[in-house]
Amino acid sequence: MIEEKQEKKGILHWLKLGLEKIRMHSQKQAKEEAWEEEAAEGNPFLPKLRWILDQVLEKYEMDYRIFRPLLLDTDTPPESMLDEDDVELVLEQISSDLNFLRIVTDRPAYFASYIERMYEDTGLVVQIGNQEELSLEGVNVILDMERKGNCHYRYMKDGILYIPLYKRPWSQVKMMQNLDISIPIGYNTVIVKGR
(Lines give C-alpha, C1' and ligand atoms only; values in the text may rest on other atoms or scores of the structure.)
Protein backbone atom coordinates (compact mmCIF):
# COMPACT_ATOMS: atom_id res chain seq x y z
CA MET A 1 0.00 0.00 0.00
CA ILE A 2 2.79 2.46 0.95
CA GLU A 3 4.80 1.43 -2.11
CA GLU A 4 1.73 1.99 -4.27
CA LYS A 5 1.30 5.55 -2.90
CA GLN A 6 4.98 6.33 -3.45
CA GLU A 7 4.73 4.98 -6.98
CA LYS A 8 1.70 7.21 -7.66
CA LYS A 9 3.59 10.23 -6.22
CA GLY A 10 6.52 9.43 -8.49
CA ILE A 11 4.27 9.18 -11.52
CA LEU A 12 2.54 12.47 -10.60
CA HIS A 13 5.94 14.11 -10.15
CA TRP A 14 7.07 13.00 -13.63
CA LEU A 15 3.76 14.08 -15.15
CA LYS A 16 4.13 17.54 -13.58
CA LEU A 17 7.68 17.82 -14.93
CA GLY A 18 6.50 16.75 -18.38
CA LEU A 19 3.65 19.28 -18.37
CA GLU A 20 6.04 22.01 -17.21
CA LYS A 21 8.41 21.22 -20.11
CA ILE A 22 5.50 21.35 -22.57
CA ARG A 23 4.35 24.69 -21.11
CA MET A 24 7.85 26.16 -21.30
CA HIS A 25 8.27 24.92 -24.89
CA SER A 26 4.98 26.50 -25.95
CA GLN A 27 5.96 29.79 -24.26
CA LYS A 28 9.31 29.75 -26.07
CA GLN A 29 7.54 29.03 -29.36
CA ALA A 30 5.10 31.90 -28.72
CA LYS A 31 8.02 34.28 -28.05
CA GLU A 32 9.73 33.18 -31.27
CA GLU A 33 6.54 33.73 -33.26
CA ALA A 34 6.12 37.17 -31.68
CA TRP A 35 9.73 38.01 -32.64
CA GLU A 36 9.12 36.86 -36.23
CA GLU A 37 6.10 39.15 -36.47
CA GLU A 38 8.11 42.03 -34.98
CA ALA A 39 11.09 41.31 -37.23
CA ALA A 40 8.83 41.43 -40.28
CA GLU A 41 8.05 45.02 -39.31
CA GLY A 42 11.65 45.83 -38.36
CA ASN A 43 14.01 45.86 -35.43
CA PRO A 44 12.17 47.60 -32.56
CA PHE A 45 15.48 48.80 -31.09
CA LEU A 46 16.66 50.74 -34.17
CA PRO A 47 15.46 54.12 -32.83
CA LYS A 48 17.94 53.66 -29.94
CA LEU A 49 20.83 52.36 -32.06
CA ARG A 50 23.32 55.13 -31.24
CA TRP A 51 22.75 54.70 -27.51
CA ILE A 52 23.13 50.92 -27.89
CA LEU A 53 26.27 51.29 -30.04
CA ASP A 54 27.85 53.55 -27.43
CA GLN A 55 27.39 50.82 -24.81
CA VAL A 56 28.61 48.06 -27.14
CA LEU A 57 31.72 50.03 -28.08
CA GLU A 58 32.41 50.66 -24.41
CA LYS A 59 32.15 46.93 -23.64
CA TYR A 60 34.70 46.24 -26.39
CA GLU A 61 36.89 49.10 -25.16
CA MET A 62 36.44 51.14 -28.32
CA ASP A 63 35.91 54.87 -28.45
CA TYR A 64 33.46 56.43 -30.92
CA ARG A 65 36.41 58.36 -32.38
CA ILE A 66 37.86 55.06 -33.67
CA PHE A 67 34.44 53.68 -34.69
CA ARG A 68 34.97 52.77 -38.38
CA PRO A 69 31.73 51.21 -39.65
CA LEU A 70 30.89 49.43 -42.85
CA LEU A 71 27.16 49.55 -43.51
CA LEU A 72 25.73 46.69 -45.58
CA ASP A 73 22.66 48.25 -47.18
CA THR A 74 19.28 46.58 -46.94
CA ASP A 75 18.28 43.99 -49.50
CA THR A 76 14.59 44.91 -49.11
CA PRO A 77 14.06 48.65 -49.60
CA PRO A 78 10.68 50.13 -48.58
CA GLU A 79 7.80 49.19 -50.83
CA SER A 80 6.54 52.75 -50.98
CA MET A 81 8.30 56.09 -51.21
CA LEU A 82 6.15 57.12 -48.23
CA ASP A 83 7.60 54.40 -45.97
CA GLU A 84 10.57 55.29 -43.82
CA ASP A 85 13.79 53.56 -44.84
CA ASP A 86 15.51 52.00 -41.81
CA VAL A 87 18.90 52.65 -43.42
CA GLU A 88 18.22 56.37 -43.25
CA LEU A 89 17.26 56.03 -39.57
CA VAL A 90 20.54 54.24 -38.82
CA LEU A 91 22.66 56.71 -40.78
CA GLU A 92 21.10 59.71 -39.04
CA GLN A 93 21.92 58.19 -35.66
CA ILE A 94 25.52 57.20 -36.33
CA SER A 95 26.53 60.20 -38.47
CA SER A 96 27.52 62.67 -35.78
CA ASP A 97 31.21 62.48 -34.85
CA LEU A 98 32.01 59.88 -37.54
CA ASN A 99 35.57 59.79 -38.85
CA PHE A 100 35.00 56.95 -41.33
CA LEU A 101 32.07 55.35 -43.13
CA ARG A 102 31.90 52.81 -45.93
CA ILE A 103 28.57 51.79 -47.48
CA VAL A 104 28.10 48.63 -49.53
CA THR A 105 24.98 48.90 -51.67
CA ASP A 106 23.26 48.03 -54.92
CA ARG A 107 21.57 51.46 -54.97
CA PRO A 108 24.34 54.10 -54.85
CA ALA A 109 22.08 56.86 -56.19
CA TYR A 110 19.94 56.57 -53.03
CA PHE A 111 22.93 57.70 -50.90
CA ALA A 112 24.11 60.57 -53.14
CA SER A 113 22.46 63.37 -51.13
CA TYR A 114 23.59 61.85 -47.82
CA ILE A 115 27.19 61.57 -49.05
CA GLU A 116 27.13 65.17 -50.30
CA ARG A 117 25.63 66.44 -47.03
CA MET A 118 28.21 64.58 -44.92
CA TYR A 119 31.04 66.08 -46.97
CA GLU A 120 29.62 69.60 -46.74
CA ASP A 121 28.74 69.43 -43.02
CA THR A 122 31.66 67.44 -41.61
CA GLY A 123 34.24 67.00 -44.36
CA LEU A 124 33.77 63.22 -44.20
CA VAL A 125 34.32 61.43 -47.48
CA VAL A 126 31.91 58.51 -47.38
CA GLN A 127 33.19 55.51 -49.33
CA ILE A 128 30.62 53.64 -51.38
CA GLY A 129 30.84 50.38 -53.29
CA ASN A 130 29.06 47.15 -54.14
CA GLN A 131 29.39 43.57 -52.84
CA GLU A 132 32.00 42.66 -55.45
CA GLU A 133 34.24 45.57 -54.38
CA LEU A 134 33.82 44.90 -50.64
CA SER A 135 36.95 45.62 -48.64
CA LEU A 136 37.26 45.27 -44.87
CA GLU A 137 40.44 47.36 -44.75
CA GLY A 138 40.15 49.98 -42.03
CA VAL A 139 36.76 48.65 -40.83
CA ASN A 140 36.16 47.65 -37.19
CA VAL A 141 32.35 47.38 -37.10
CA ILE A 142 29.95 45.93 -39.68
CA LEU A 143 26.31 46.99 -39.46
CA ASP A 144 24.43 44.41 -41.54
CA MET A 145 21.05 45.80 -42.59
CA GLU A 146 20.16 42.89 -44.89
CA ARG A 147 17.01 41.00 -43.95
CA LYS A 148 17.27 37.93 -46.17
CA GLY A 149 19.91 35.26 -46.26
CA ASN A 150 22.25 34.13 -43.53
CA CYS A 151 24.72 36.08 -41.45
CA HIS A 152 27.91 36.89 -43.32
CA TYR A 153 30.19 34.67 -41.24
CA ARG A 154 33.08 35.45 -43.59
CA TYR A 155 33.10 38.98 -42.12
CA MET A 156 33.46 37.75 -38.55
CA LYS A 157 37.13 38.32 -37.93
CA ASP A 158 39.25 39.38 -34.99
CA GLY A 159 39.01 43.10 -34.46
CA ILE A 160 35.71 43.45 -36.36
CA LEU A 161 32.35 43.57 -34.61
CA TYR A 162 29.68 42.08 -36.89
CA ILE A 163 26.23 43.34 -35.88
CA PRO A 164 23.28 41.87 -37.80
CA LEU A 165 20.37 44.27 -37.34
CA TYR A 166 17.73 41.84 -38.64
CA LYS A 167 19.16 38.36 -39.24
CA ARG A 168 19.49 37.38 -35.59
CA PRO A 169 16.90 38.47 -33.04
CA TRP A 170 17.58 41.24 -30.58
CA SER A 171 15.57 40.64 -27.45
CA GLN A 172 14.67 42.21 -24.15
CA VAL A 173 16.08 40.50 -21.07
CA LYS A 174 14.73 41.12 -17.59
CA MET A 175 17.54 40.90 -15.09
CA MET A 176 17.32 42.36 -11.59
CA GLN A 177 14.28 44.46 -12.55
CA ASN A 178 16.08 46.22 -15.43
CA LEU A 179 14.84 45.92 -18.97
CA ASP A 180 18.03 45.02 -20.83
CA ILE A 181 18.65 44.37 -24.53
CA SER A 182 20.44 41.28 -25.78
CA ILE A 183 22.30 42.03 -29.01
CA PRO A 184 23.99 39.47 -31.27
CA ILE A 185 27.53 40.46 -32.21
CA GLY A 186 29.29 37.95 -34.41
CA TYR A 187 29.18 34.61 -32.64
CA ASN A 188 28.49 36.24 -29.26
CA THR A 189 25.67 38.06 -27.55
CA VAL A 190 26.09 41.28 -25.58
CA ILE A 191 23.59 42.62 -23.07
CA VAL A 192 23.27 46.39 -22.79
CA LYS A 193 21.37 48.17 -20.05
CA GLY A 194 17.91 49.24 -21.11
CA ARG A 195 15.82 52.10 -19.80
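## Buried or exposed

A residue counts as buried when its relative accessible area is under 20%. Asp86 has a relative accessible area of 17%, so Asp86 is buried. This model is predicted. Of the protein's 195 residues, 38% count as buried.

## Overall plan

The protein has four helices and eight strands. Along the sequence they follow the pattern α-α-β-α-β-α-β-β-β-β-β-β. Take the contacts between residues at least 6 apart in sequence: 57% of them join residues at least 24 apart. The protein exposes about 12800 Å². Carbon and sulfur atoms supply 53% of that area.

Helix H1 covers residues 2–41 and includes Ile11. Ile11 has 45% relative accessibility, so Ile11 counts as partly exposed. Together with Leu12 and Leu15, Ile11 forms a nonpolar patch on the surface. The patch has about 290 Å² of accessible area.

Helix H2 covers residues 49–59. Its buried residues are Leu49, Arg50, Ile52, Leu53, Gln55, Val56 and Leu57. Just after H2 comes Glu61, with a positive phi of about 55°.

## The five-stranded sheet

In what order do the five strands of the open sheet stand? The order is E3-E2-E1-E4-E5, and the pairing is parallel. Strands E3 (127–129) and E5 (161–164) stand at the edges. Each has a single partner strand, so one side of each is left without a neighbour in the sheet. From one strand to the next, the twist averages 15°. Strands of a sheet pair through backbone hydrogen bonds.

Strand E1 (residues 69–72) pairs with two strands of this sheet. Three bridges join E1 to E2 (residues 102–104). Four bridges join E1 to E4. Leu71 shows both sides of this arrangement: Leu71 stands opposite Ile103 in E2 and opposite Leu143 in E4. Leu70 has Arg102 as its bridge partner in E2. Further along the sheet, E4 and E5 pair over four bridges, again in the parallel sense. Here Asp144 has Pro164 as its bridge partner in E5.

## Side chains on the strands

Which way do the side chains of E1 point? Pro69 and Leu71 point one way, while Leu70 and Leu72 point the other way. All of these residues are buried.

Helix H3 (residues 86–94) lies across E1, E2 and strand E4 (141–144). H3 runs at about 170° to E1.

The loop between E1 and H3 holds Thr74. Thr74 has 12% relative accessibility, so Thr74 counts as buried. Which residues does Thr74 touch, leaving aside neighbours within four places in sequence? Thr74 is in contact with Asp85, Val87, Arg107, Met145, Glu146 and Arg147. Three of these contacts, Arg107, Arg147 and Glu146, also form salt bridges.

## Salt bridges

Side chains of opposite charge can pair when their charged atoms come close. The count here comes to ten salt bridges.

Arg107 forms a salt bridge with Asp73, and the closest N and O atoms are 2.7 Å apart. The pair links distant parts of the chain, 34 residues apart. Arg107 is in the loop between E2 and helix H4 (112–122), and Asp73 is in the loop between E1 and H3. Both Arg107 and Asp73 are buried.

Asp86 and Arg147 meet in a salt bridge at 3.0 Å, N to O. Asp86 is in helix H3 and Arg147 is in the loop between E4 and E5, 61 residues apart. Asp86 is buried. Arg147 has 27% relative accessibility, so Arg147 counts as partly exposed.

Glu146 and Lys167 meet in a salt bridge at 3.2 Å, N to O. Glu146 is in the loop between E4 and E5. Lys167 is in the loop between E5 and strand E6 (171–175). Glu146 counts as buried at 11% relative accessibility, and Lys167 is buried with a relative accessible area of 17%. Elsewhere, salt bridges that share partners join Arg50, Asp54 and Asp97 into one network.

Key. Residues numbered from 1 in each chain as written. Predicted model: local features only at pLDDT ≥ 70, side-chain atom pairs only at ≥ 80, totals over all residues. Heavy atoms only, no water. Patch = residues over 30% accessible without salt bridge, like charges linked within 9 Å, V, L, I, M, F, W, Y side chains within 5 Å. Areas by Shrake-Rupley, 256 points an atom, 1.4 Å probe, with all protein chains shown as cover. Salt bridge = Lys/Arg side-chain N within 4 Å of Asp/Glu carboxyl O. Buried < 20%, exposed > 50% of the residue type's maximum accessible area, 1.4 Å probe, protein only. Pairing = 2+ DSSP bridges. Axes fitted to C-alpha atoms, helices over the stretch in contact; angles between N-to-C directions. Contact = heavy atoms within 4.5 Å.
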